[in-house]
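Dear colleague,

Please find below the sequence and structure that I am handing over to you. My findings follow directly after them.

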Amino acid sequence: MTEPYQKYICRTCGLIYDEAEGDPDSGLAPGTRFEDIPDDWQCPLCLVTKSDFIPLAEAQARKKRTPGDQKKVRSEAGVLIIGAGYAGWQAAEAIRAAQPDAAITLLTACDGAVYPKPALSMALSQGRDPASLVEASAQEKAAELGMAVKTRTRVMSINPKRKKVTTTTGSFRYEKLVLATGAQAMKPSVGGDAAEAVMTLNDLAGYRKFREALTGTQRVAVIGGGLIATEMAEDLISQGYEVQMLVRGANLMSQILPEAIAHTLATKLSAKGVKIAFNSQAERVDQAGDGYRITTDQGEHFDADLVLAAVGLKPNLGLAQKAKLDTGQGITINPYCQTSDSDVYALGDCAEADGVIQAFLEPIRRQAKALADHISQSQTGATFDVQPTLIKTKTPSLSIMLSPPLKATHGHWEQSVQIGDNQQLYYRDREAVTGFALSGDLVNKASELYKTLVHEAA
């Protein structure tokens, strides 16, 4: 008797591999058993390996972890980490692996729960509520790593000269400090008596509020046309919500996606029922009965029960700037992830290397390894270098994988192949190829093209 097909979930990003469906985008035909997947296969969302997947049933049934050796929070730490997002916990894991005896303390203003952030924009279609996204509490994760954690603690200031951090619950001294302060979701500049009702989504706490606000609603307006806005629109429409997108530009994901593929994606979304108003910028959000009315710069009016904005992220630089660390778009770091103070490191959405902020999981893992090796004075330590990023969009309407150019240049997108929905484009800067975008069946070429791109960029 044939065994039923199983589902496996990526512990890093929340992607679900269904044996029945396979992963045609990566060359895995429907019906491919997980055990038959090559060991060098990578998660198409976050590029971790097969070993980072666990059975979905196991993840859903997992009980609270047995309390381990969680360290008591003390006022002094060998390594002090600020921030409990993916970057903060990755730093903690990497430092523990490099230094088994290091005294690590993590401070966070939130509850510090460990969860796969990329799953937020596909949780509705996966049938996962906020509670089911949590993989471990801060205390459970700290116990697993044998470190200390202090939640609900906001850092007020950093004094690099005295190696002292002042918080709402007391002061802490450190030998090495790691800033993983992340970024905050930007709100659109709108007026109106309901401007404060516009919601944003960038973490689990925000997602909880969003899910609560969805109860009893039907019409959702999404302000923004970038990656997250587009993914959220598709996730919402899949669950029967009426979705209206207000896109400031002429195309979806205009900062990373070529117009040809963006147009195809917009057509697919429209066919599903997503209404898209291009070249339309929200100017006012006003109360209208039990819902809201959005007025745009074009004089258009859109009514909705809930308004969600996804217009970009702004790195949290306040602490670094008050501490007089060098900043640009983010906190500037060197190949060891050191800031302008050699005992202070930074990584993740708040960190800038070579003029670039890479707010994706794969570069964050490399940053964590680099700073952990440097802190532990490893003789074969890794260094962090900016590399092209591989992105898989969570848009079931159209499979898309791309690696956009790292910096804005005077190059252009050049069509290479177009057969229906199957498109391949290269970004050319003079004679050099610095990016690519694939859609449809051609996404299975992404891994090969990406390896070539990284090699040529090295």
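Asp 429 and Arg 430 are joined through their side chains by a salt bridge, with 3.6 Å from N to O. Arg 430 is exposed, its relative accessible area being 73%. Please note that this is a predicted model.

In total, the structure holds 19 salt bridges. Among them is one between Arg 208 and Asp 111, whose closest N and O atoms are 3.7 Å apart. Because Arg 208 belongs to helix α6 (residues 204-214) and Asp 111 to the loop between β5 (104-107) and α3, this pair ties together parts that are 97 residues apart in sequence. Both partners are partly exposed: Arg 208 has 29% relative accessibility, and Asp 111 has a relative accessible area of 27%.

A further salt bridge links the side chains of Asp 305 and Arg 219, at 2.7 Å from N to O. Asp 305 sits in the loop between β17 (301-304) and β18 (306-309), and Arg 219 in strand β12 (residues 219-223), so parts that are 86 residues apart in sequence are tied together. Asp 305 is partly exposed at 22% relative accessibility; Arg 219 is partly exposed as well, with a relative accessible area of 30%.

Salt bridges that share partners also join Glu 93, Lys 141 and Glu 144 into one network. Lys 141 is one of the buried residues of α5, which also include Ala 138, Glu 140 and Leu 145. Helix α5 (residues 138-145) is largely enclosed by the rest of the structure, because 6 of its 8 residues are buried. The cover over these buried residues includes α2 (86-98) and β6 (148-150). Just after α5, Gly 146 takes a positive phi of about 65°.

Finally, the second largest pocket has a volume of about 970 Å³. Its lining consists of 37 residues, of which Leu 15, Ile 16, Glu 21, Lys 392 and Pro 396 lie nearest its centre. The lining divides into 12 nonpolar, 12 polar and 13 charged residues. The largest share of this lining, 4 residues, comes from α7.

With kind regards

Technical notes
Residues are numbered from 1 along each chain as its sequence is written. This is a predicted model: local features need pLDDT of at least 70, side-chain atom pairs count only at pLDDT 80 or more; totals for chains, interfaces and linings use all residues. Side-chain values use heavy atoms; hydrogens and water are left out. On a 1 Å grid over the protein atoms alone, a cavity is a set of points where a 1.4 Å probe fits but cannot get out, and a pocket is an open set with protein on both sides within 12 Å along at least five of seven lines; lining residues have an atom within 4 Å of a point. Grid points are joined across faces, edges and corners, and a volume is the space filled by probe spheres set on the points. Helices (H or I, at least four residues) and strands (E, at least two) are DSSP runs, numbered from the N terminus. Ala, Val, Leu, Ile, Met, Phe, Trp, Tyr, Cys and Pro count as nonpolar, Asp, Glu, Lys and Arg as charged, and the others, Gly among them, as polar. Buried means under 20% relative accessible area, exposed over 50%, partly exposed in between (1.4 Å probe, protein chains only). Contact means heavy atoms within 4.5 Å. A salt bridge is a side-chain nitrogen of Lys or Arg within 4 Å of a carboxyl oxygen of Asp or Glu.
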